[in-house]
Amino acid sequence: GAEALAAAVVEACKAPNEAGFKFLYDVERPIKDKILTICRDIYAAEGVDYSDLALSQIEAYEKSGYGNLPICMAKTQYSFSTDPAKKGAPTGHRVLVREIRACIGAGFLYPICGDIMTVPGLPTRPGFYDVDLDEDGEVVGLF
């Protein structure tokens, strides 16, 4: 099943772009331009505000050659704004970018917008190594 799906995806990617698909922004644009485009065109925001930390991170990423990476926004799932109380798709709001993290291996930057928490990364040694059955068949090592 998965092999057939992968082959179909490859063929679809080779097909002519009859639907006129285009990316939202040129990845070669500066980081702030890409974020503004996402916020304006997708979230109907009036603009973007940056913390001092986010501004210094943008500068560092661009100086290090990572400014051409695509952007993956991290924000509340409850609203297009960064305010979870403004449910749905409000317009005219401003998006607060408080920091920007990099996933260099995966090839993208992700702005942290508003007051959200992200899932921590996995440890180098997975917890399942400590799970086992004792001599009575009881599960041990979960806690």
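Is Y43 buried or exposed? At 11% relative accessibility, Y43 counts as buried (under 20% relative accessible area; exposed is over 50%, partly exposed in between; 1.4 Å probe, protein chains only). The model is predicted: local features need pLDDT of at least 70, side-chain atom pairs count only at pLDDT 80 or more, and totals for chains, interfaces and linings use all residues. Residues are numbered from 1 along each chain as its sequence is written, and side-chain values use heavy atoms, leaving out hydrogens and water.

Y43 pairs with F80. The ring centres lie 5.6 Å apart with the planes at 50°, so the pair is tilted (centres within 6.5 Å; planes under 30 degrees apart are stacked, over 60 edge-to-face, the rest tilted; for Trp the six-membered ring is used). Y43 sits in the loop between α2 and β1, and F80 in the loop between α3 and β2, 37 residues apart (helices are DSSP runs of H or I, at least four residues; strands are runs of E, at least two; numbering starts at the N terminus). F80 is partly exposed, at 33%. The charged end of K75 sits over the ring of Y43, 4.9 Å from its centre (NZ of Lys or CZ of Arg within 6 Å of the ring centre and within 35 degrees of the ring normal).

A second tilted pair joins F108 and Y110, 6.1 Å centre to centre and 50° between the planes. F108 is partly exposed, at 25%. Y110 is buried, at 18%.

V97 touches I35, V48 and P111, among others (heavy atoms within 4.5 Å), not counting residues up to four places away in sequence.
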